[in-house]
Every structure is written in structure tokens, then in C-alpha cells.
Amino acid sequence: MSKTNPGNYFEDFRIGQEIRHATPRTITSGDVALYTGLYGPRFAVQSSDVYAHRIGFKSAPVDDLLAFHMVFGKTVPDVSLNAVANLGYAGGVFGVPVYPGDTVSSVSTVTGLKQNSNGKTGVVYVNTVGRNQRGEMVLDYNRWVMVVKKDQSAPAPETVLPELPTVVSPEALQVPVGLDASDYDTELSGSPDLWDDYYVGEKIDHIDGMTLEEAEHQIATRLYQNTAKVHFDQVAASAGRFGKRLIYGGHIISLARALSFNGLGNAFKIAAINAGAHANPAFAGDTVFAWSEVLDKFELPGRRDLGALRLRLVAVRDRRASDFPLRTEDGKYHADVLLDFDYTVLIPR
């Protein structure tokens, strides 16, 4: 018997199957420094122990998306090693903050299966929960991926599609214990704009662009221990649809989020991932720009210091985002759109 892991194929998944993913990952200050070097996020709470402590954190927490990637990366060898594409996200809730020194681990449960009409692939839905070393939830989210079949003659499973929320309700958002933004310093945060300064329907061009480099995206993906072949193996990629390696979709999310600082500099805490789609593949050499739309505003029960914004974050390539591109007249994503990401942030009032 082989001692190597070929990954799971579509016919290997079963509804209700629980997968404990190897290996637990202790997040260090070195990981934080590398993440900063890769994307350049500038949110004050994640940049300064002193600033973070001032509003109730014990020190600067790990960037929420770094925690997301670490939890996500654990799942790849078992869920998406043989995936054609990561299709979407829903119902993601961030729990307790993650600090350098915390160890995260992940468990996934298969919640849905649907074989595609070509009989060669199928869609697998999973719910993944990441926890720290104390068993506290740091992230609970759903995603679905298209996975190839190893044996195309294997019978199709019964189609089961999970019911997934279109948006995480304000009541489900988790505000970190002890967080108090009443003494939030907008001069040091780099932006004067708070919750009351944004309005539903507002669109923000984040102006800045960043070019994707082959080495950087591979370093990033290895940082998260994401082993998906499409990001690393040019021999395998040469036989695929595009003939070259794909940029990990999470790399685009982090890059666009970092670019969003210019216009959303006080949106320091991601509370939820409502939905997300990787609209088109990205490749080394593409230059990424981003824009945001305020989809909704929420007051938080009993909080005068904090509010929540539901945002759409759109990443585009090789063009500026000043005209806010998203879809064409036929409803399809514009060819230049890489990411359509619906998430909720906490922001001082």
C-alpha cells in the first residue's frame, strides 16, 4: 500500500463525514512579519501592541485573514487537493482573537454533495471550524469546491445541497471580550472616517495597485501550508486549462483587503464572511486594484463605541477601479474582476 497521500476525490466524500485535519499550526510573530511583508496591511490595531492594548486587546492580534488562511490551509490536503476550483464561501463567523503563540487546528464536516452533469467532477460543501489550543472557536465558515472524480464510472451520490445563509446576522457577530473603542485614536489610525461617515450604497475606489509576483504568492501559500497542486506544480499546470500556475484565491483576498485601507482605514476587525466568489483566475504579472461598496450598516446592541459595516470588496486586474467594474450587461462577471467578497467589519463610531 502507498504511504503517500493522493488527496480525496469526489467519490471519497460522504454526507456527515468529519475530517480532523493535520497539522496544528502555532502562529508566531515571524508569521505575522512575513504576512505584513507580503501584503503590507496597515490597520493600527494589528500593527501596534500599544494601540491594541489601548482599546482592550492584550496585544496586537493576528490579522483576521492570516487566521483565516491558517485554518483554511489545514483543510486543503483533505478537501481540495484535487479541486478544480474553490467556488465560494458563506456563513463565516470570526470568534476569539488569535495572538502570536496561539495554535490553531481545523475540523471539517461534509454538508453537501452534487455531481456535475459531465460525470467528471462534483461539488463538495464543507463546514470548517478552527479552534485555538483552549478549544475556543476562532473561525466557523462554509465553502464549496469543485473536485475531480478519480473513477468516472463510480455512481453519483444523492444530491444534497446545504441551506446556507446569504448574510451573517448582526446578532451572530462576536465582539471580542474587553474591546472598548471609546478611546480610539483616529490620528494614529490614519483615517478620520468612522461608522457614521459611511452610507449604504457608497462606493470607494481604493486607488492603489499591486502587481502579483510568482515568488510572493508561492511563499504566501506555503506559509499557510496550502498544498494545492494548481499553485505550485508547473508540470501538472501545463496539462490544465490555463497552462500555468494559478494564484491562490486567498492571496487575492488578503491583497485586496490590504489595499482597502486607503478609504476604510478604521475597519480594523473582520467579524464575518457573508459570501465570496473568485470570479476569474489570477496569474503572476497581473496588477490588482480594488474598490468597495457599503452594502449595509448595523448598530450593535448596547454598543455606543462600535458599529458594523457590511462591505463588498471587489478586486480587478490590470485596470484601475475608478469606474467600479463588476458585471457585464448579461449579468456575468466582467473579465477583469478577480474577486467579489461580501464581508462584515467592526468599526468605531
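Buried means under 20% relative accessible area, exposed over 50%, and partly exposed in between, using a 1.4 Å probe and protein chains only. Helices (H or I, at least four residues) and strands (E, at least two) are DSSP runs numbered from the N terminus. This is a predicted model, in which local features need pLDDT of at least 70 and side-chain atom pairs count only at pLDDT 80 or more, while totals for chains, interfaces and linings use all residues. Residues are numbered from 1 along each chain as its sequence is written, and side-chain values use heavy atoms, with hydrogens and water left out.

- Helix 1 spans residues 29–39, and its buried residues are D31, Y35, L38 and Y39.
- These four lie on the same side of helix 1 because they cover an arc of only 75° around the axis, the arc being that of the directions from the helix axis to the C-beta atoms.
- The other side of helix 1 has S29, A33 and G37, which are exposed.
- Packing against the buried residues of helix 1 are strand 2 (25–26), helix 4 (64–79), strand 8 (210–211), helix 6 (214–223) and helix 8 (249–259); contact means heavy atoms within 4.5 Å.
- At the start of helix 1, the backbone nitrogen of G30 has a side-chain oxygen of T28 within 3.2 Å.
- Just after helix 1 comes G40, with a positive phi of about 75°.

**The nonpolar cores**

- A nonpolar core is a set of buried Ala, Val, Leu, Ile, Met, Phe, Trp, Tyr and Cys residues joined through side-chain atoms within 4.5 Å.
- The largest nonpolar core has 54 residues, and those touching the most other members are Y39, L66, F68, Y224, I252, V288 and L309.
- Helix 4 gives this core its largest share, eight residues.
- A second, separate core has 24 residues, among them A52, V168, Y184 and A308.

**A buried loop residue**

- N116 sits in the loop between strand 4 (103–115) and strand 5 (121–131), and N116 is buried at a relative accessible area of 17%.

- Most residues other than glycine have a negative phi, and most peptide bonds are trans.
- The peptide bond from A22 to T23 is cis, with omega near -10°, and T23 belongs to the loop between strand 1 (18–20) and strand 2.
- Q225 is not a glycine, yet its phi is positive at about 55°; Q225 lies in the loop between helix 6 and helix 7 (234–238).
- F324, also a residue other than glycine, has a positive phi near 55°, and F324 is partly exposed at 24% relative accessibility.

Methods:
Polar contact = N/O pair within 3.5 Å; in protein donor to acceptor, adjacent residues only side chain to side chain.
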